[in-house]
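Me: Hi! I have a structure open here and would like to talk it through with you. Could you have a look?

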Amino acid sequence: MKFTRILFTLVAFIFILNSAAFAQQDSIALNNIITKTKRLSDEQPVEKVYLHFDKPYYAVADTMWFKAYATIEQNLPSPLSKIVYVEVWNAQDSLMQTVKLPLKNGVAYGNIPLNMQNYKQGNYYVRAYTLWMLNFSNDYFFTKTIPLG
């Protein structure tokens, strides 16, 4: 009985030592992943643009008012870009209008008049980006469909 207890204690002790050694190897690999990710985000920061509109839909001859936010990771104001480009496209993928807005502390204000000569009823989509965002995929651009009634 005493021999069994000693053997069980010895096996449990070896198992605990072995698992502690694996845990240290996991933390080394995790630290390596964290440092590489941090270095990548420092070398190639990802910038995002968000537009906040005053209404979800508009009428012809109305004015589309919006506020643009340019952020980097953790939603901090972006120091990378000084200009945001806002484009309006129609349903046939034709560019209707482009607006260039200056960013101050990552924020810009703008409007787009929806005059009766250029805009008809239908769905339009708004796309916003900065020049830094052109280095990456179009998936990073802000896009939103705006119905015009």
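**Contacts and overall layout**

Reply: Happy to! Among contacts in the chain between residues at least 6 apart in sequence, 58% join residues at least 24 apart. Please keep in mind that this is a predicted model.

Me: Thanks. How many helices and strands are in the chain?

Reply: The chain has one helix and eight strands. Starting at the N terminus, the elements run α-β-β-β-β-β-β-β-β.

Me: And what percentage of the residues count as buried?

Reply: The figure is 27% of the 149 residues of the chain. As for the accessible surface, the chain has about 10500 Å², and 61% of that belongs to carbon and sulfur atoms.

Me: Let's turn to the strands. Which way do the side chains point along β1?

Reply: They alternate along strand β1, residues 48-53.

Me: Nice. How many bridges join β1 to β2?

Reply: Six bridges join them, and the two strands run antiparallel. Within this pairing, Leu 51 stands opposite Ala 68 in β2.

Me: I have my eye on Thr 71. Where is its place?

Reply: Thr 71 sits in strand β2, which covers residues 63-72.

Me: Why does Thr 71 count as buried?

Reply: Thr 71 has a relative accessible area of 10%, and the cut-off for buried is under 20%, so Thr 71 is buried.

Me: Which residues does Thr 71 touch?

Reply: Leaving out residues up to four places away in sequence, Thr 71 touches Val 46, Glu 47, Lys 48, Tyr 50, Leu 76 and Ser 78.

Me: New topic, the open sheet. What is the order of its four strands?

Reply: The order is β5-β4-β7-β8, with antiparallel pairing. The edge strands are β5 (95-102) and β8 (142-148), each of which pairs on one side only. On average, neighbouring strands of this sheet are turned by 20 degrees against each other, direction ignored.

Me: How many bridges are there between β4 and β7?

Reply: Five bridges, in the antiparallel sense, between β4 (residues 83-89) and β7 (residues 122-129).

Me: And what is the bridge partner of Val 86 in β7?

Reply: That would be Ala 128.

Key:
Residues are numbered from 1 along each chain as its sequence is written. This is a predicted model: local features need pLDDT of at least 70, side-chain atom pairs count only at pLDDT 80 or more; totals for chains, interfaces and linings use all residues. Side-chain values use heavy atoms; hydrogens and water are left out. Two strands pair if DSSP finds at least two bridges between them. Axes are lines fitted to C-alpha atoms, for helices over the stretch in contact, and angles run from 0 to 180 degrees between N-to-C directions. Buried means under 20% relative accessible area, exposed over 50%, partly exposed in between (1.4 Å probe, protein chains only). Contact means heavy atoms within 4.5 Å. Accessible areas come from the Shrake-Rupley method with a 1.4 Å probe; for residues, only the protein chains shown count as cover.
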